[in-house]
Amino acid sequence: MQPRNMSMSGVVDLAAVKAAQEAKAKAEQTRAEAARHGGAGAVSPADLVIDVDEAGFERDVLQRSAEVPVVIDFWAEWCQPCKQLSPVLERLAVEYNGRFLLAKIDVDANQMLMQQFGVQGIPAVFAVVAGQALPLFQGAAGEQQIRQTLDQLVQVAEERFGLTGLTVDPDAQPGQEAEQAPVGPYEALLNAAAEALDAGDLGGAVQAYKNVLADDPAHPEAKLGLAQAELLERVQGMDPQKVRQEAAEKPADATAQIAAADLDLVGGHVEDAFGRLIETVRRTVGDDRDAVRLRLLELFEVVGSEDPRVVGARRALARALF
C-alpha cells in the first residue's frame, strides 16, 4: 500500500474554532483536576508506548489526550507494512520524551474502534488531541515524513490546546504512575438492571445499563449487560421458524441473516452465528455489509472479547474485509 499523506496542515479545517476553544477549556479543566489530586506524576520511557483495547479506550486515549497528544497506531499481526512502521513509531515515542503518547490498537481484536475512526486499510495512524481525532497518515510512511507530521502535531497541541506533554523519568519503573481512581460505584444501577432482567423488563434493563455507560463508557459489566439485554430485546417476539426459513431462502439478504444470527446466539450456537455473519459480509457490499459487520461486533460483546471463538471470528472477519 502506498502511503497516503494526511498531514497536519489542514488541522484548522477539521474543527470549528468554537469546538477547539471548548476542547482546550476541557483539557485545562482536566489538568486542573489532576493537579488538585497530586498531578499525574512522572512516567518511565516504557510507559510512552501502550496497548489499547475497546474497554480501555476512554481511559487510555480520550482522558489522556487532555494532558498529552495521543498518537494511535492501527496495526495487525498479519500486516507486513505494520511491522516496518510500528518499531519506528515506538522508537520516536521514546525519543520525543513525553511530547506524545503512542497507543497501539490491534484491529483484529478491536474492530469497533477501527470502524469508529473510519480506517479503510492498515497501517493507519491517527492522533487524539483534547478529545479531538485527527488523521495523520496511512501506509508505511518514511521516517522523515513521520517526524514532520509529529512535529506539527506537537506544535498544534501546545499552541492550540496548551498540551506540553508528560514528564519522563528515566529511573521510574514502568507502571509506576498513580492508578486511576475507579468511577462509581454503580451497584444500585447494576442491581436495577439485573432486577429488570429477572422481571422480563428488557427495556428497563437496557436503560439501566446505558445510565452506567453514560458516566463510565468503558465499564465492562455494563457493556456486557447492555449487549446481552439488547440481544434479548431484539429476539423477543420473533417467529423462529419464519426467521430461519427467510434466512435459508435469502442467503445474501443482510436483514434476514442478522435476525437469524441473533437467534443462533440466543440458542447457544455461537459459532453458527459468527459464521453466518462472516459469510454474509463476503456476499454483501455497501450499507448492507456495514450493517452485518456492526451486528457481528455487537455479538462479540455479548460473548466476550477473550472467548477463543471471538478471537477466531475476529481474524476471519478481517480476512473477509481485506
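Predicted model: local features only at pLDDT ≥ 70, side-chain atom pairs only at ≥ 80, totals over all residues.
Among contacts between residues at least 6 apart in sequence, 73% join residues at least 24 apart.

- Start with helix H12, which covers residues 270–283, and helix H13, which covers residues 286–303: their axes come within 9 Å and cross at roughly 160°.
- That angle makes H12 roughly antiparallel to H13, because angles over 145 degrees get that label.
- The crossing of these two helices, H12 and H13, is left-handed.
- On the H12 side, the contact is made by Val270, Ala273, Phe274, Leu277, Ile278, Thr280 and Val281.
- H13 answers with Arg289, Val292, Arg293, Arg295, Leu296, Leu299, Phe300 and Val303.
- Sorted by class, the contact of H12 with H13 has 11 nonpolar, 1 polar and 3 charged residues.
- Now look at H12 and H14: their axes also come within 9 Å, but they cross at roughly 10°.
- That makes H12 roughly parallel to H14.
- Here Val270, Glu271, Phe274, Ile278, Val281 and Arg282 of H12 meet Arg309, Val310, Ala313, Ala316, Leu317, Ala320 and Leu321 of H14.
- The contact of H12 with H14 divides into 10 nonpolar, no polar and 3 charged residues.

**The nonpolar cores**

- In soluble globular proteins, nonpolar side chains tend to be buried together.
- In this model, the largest nonpolar core has 29 residues.
- Leu265, Phe274, Leu277, Leu296, Leu299 and Phe300 are the residues with the most contacts inside that core.
- Helices H9 (220–235), H10 (240–249), H11 (254–266), H12, H13 and H14 (308–321) each supply at least two of its residues.
- H11 gives the largest share of this core, with 7 residues.
- Zoom in on Leu296 and, leaving aside neighbours within four places in sequence, you'll find it in contact with Phe274, Leu277, Ile278 and Leu317.
- There's also a second, separate core of 28 residues, and it includes Leu48, Val52, Ile72 and Ile105.

**Another helix pair: H8 and H9**

- The axes of helix H8 (residues 202–215) and H9 come within 9 Å and cross at roughly 155°.
- H8 and H9 are therefore roughly antiparallel to each other.
- H8 passes H9 in a left-handed crossing.
- From H8, the residues in this contact are Leu202, Gly203, Ala205, Val206, Tyr209, Lys210, Val212 and Leu213.
- From H9, they are Glu221, Ala222, Lys223, Gly225, Leu226, Ala229, Glu230, Leu232 and Glu233.
- By class, that gives the contact of H8 with H9 10 nonpolar, 2 polar and 5 charged residues.

**A buried strand residue: Val129**

- Val129 sits in strand S5, residues 124–129.
- Val129 counts as buried because its relative accessibility is 1%, and the cut-off is under 20%.
- Not counting residues up to four places away in sequence, Val129 touches Ser65, Pro69, Leu134, Leu153, Ala157, Phe161 and Leu163.
- Val129 and Phe100 are 29 residues apart along the chain, and their C-alpha atoms are separated by 9.8 Å.

**Spots to check in the loops**

- Ile122 and Pro123 are joined by a cis peptide bond, with omega at about 0°.
- You'll find Pro123 in the loop between helix H5 (111–116) and S5.
- Asn97 has a phi near 55°, a positive value in a residue other than glycine.
- Asn97 belongs to the loop between helix H4 (80–95) and strand S4 (101–106).
- With a relative accessible area of 46%, Asn97 is partly exposed.
- Pro251 is in the loop between H10 and H11, and its relative accessible area of 37% makes it partly exposed.
- Leaving out residues up to four places away in sequence, Pro251 touches Gln257, Thr280 and Arg283.
- Pro251 and Arg283 are 32 residues apart in sequence, yet 8.4 Å apart in space from C-alpha to C-alpha.

Notes
Residues numbered from 1 in each chain as written. Heavy atoms only, no water. Axes fitted to C-alpha atoms, helices over the stretch in contact; angles between N-to-C directions. Helix = DSSP H or I, 4+ residues; strand = E, 2+ residues; numbered from the N terminus. Parallel < 35°, antiparallel > 145°, perpendicular 65-115°, else oblique. Left-handed = near helix turned anticlockwise from the far one by under 90°. Contact = heavy atoms within 4.5 Å. Nonpolar A, V, L, I, M, F, W, Y, C, P; charged D, E, K, R; others polar. Core = buried A, V, L, I, M, F, W, Y, C linked by side-chain atoms within 4.5 Å. Buried < 20%, exposed > 50% of the residue type's maximum accessible area, 1.4 Å probe, protein only.
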